[in-house]
Amino acid sequence: MSGIPKSVFSFLEELKLNNNREWFTENKPKFQKEEKLLKTFYEGVLEGLNQDDEIEKMKVFRIYKDVRFSKDKTPYNTHRSVSFSRLGAKLRGGYYLRLEKGNTYVAGGFFNPNPSDLLRIRKEFEMDDEEIREILNASEFKKAFGGFNTENQVKTAPKGFSKEHPSIDLIKNKNFIVKHKFSDKEVYASNFEEQILHHFKLLRPYFDYMSDVLTTNLNGESLLDD
């Protein structure tokens, strides 16, 4: 188990002050050195996840920004991030880690689900919200994550749903993401990898519930091929 080397954040802080191609080109060997350290760390997390889950893909996000639709035209991201996608149609959900001085966090859930999945989730909440609320309100889960991130919701109610429904607070969400933020001290600690894996493991009941929802119809009949 290990923490993140402080040199990783030192480089990112320098990049914030020099977010231009000339500086980055000159310092690319330093960037590559830090990326190698991070890759080793990511692979440790991946190995830990695979101890009791099945991960299909690890994706390290590029440092190069897509600025086509952004007001901020600086060319590089000043954080590093990685995601871990679960295996196959039966195991839904994804784990995410973002590294940034003062803003490091883990997150998990369902970001921009496709229209059919989004409708299925909302219909489940409309029909019966007892199980999902039990998961979200479990003491350890709630202490770690709070509840769904509500920054991206419809204003009143999605089409076809009543704004007076008791579960409208859940139904209004477009994403179903929870996250936990770490202090810089926690990030540098030798047990940081262990803490990441602990918080990822807390997501499993939520992922298992959503996997069940998304692989069945409203009658509980499987949608998967035998």
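Visitor: What makes a residue count as buried in this protein chain?

Guide: A residue is buried when its relative accessible area is under 20%, exposed when over 50%, and partly exposed in between (1.4 Å probe, protein chains only). Buried residues make up 43% of the 226 residues in the protein chain. The model is predicted: local features need pLDDT of at least 70, side-chain atom pairs count only at pLDDT 80 or more, and totals for chains, interfaces and linings use all residues. Residues are numbered from 1 along each chain as its sequence is written, and side-chain values use heavy atoms, leaving out hydrogens and water.

Visitor: Why is Thr-104 called buried?

Guide: The relative accessible area of Thr-104 is 0%, which is under 20%, and therefore the residue is buried.

Visitor: Which residues does Thr-104 touch, not counting those up to four places away in sequence?

Guide: Contact means heavy atoms within 4.5 Å. Among the residues that Thr-104 touches are Phe-9, Leu-99, Phe-182 and Phe-192.

Visitor: Why is Asn-112 called partly exposed?

Guide: Its relative accessible area is 49%. That value lies between 20% and 50%, so Asn-112 is partly exposed. Asn-112 is placed in the loop between strand S4 (104-110) and helix H4 (115-127); helices (H or I, at least four residues) and strands (E, at least two) are DSSP runs, numbered from the N terminus.
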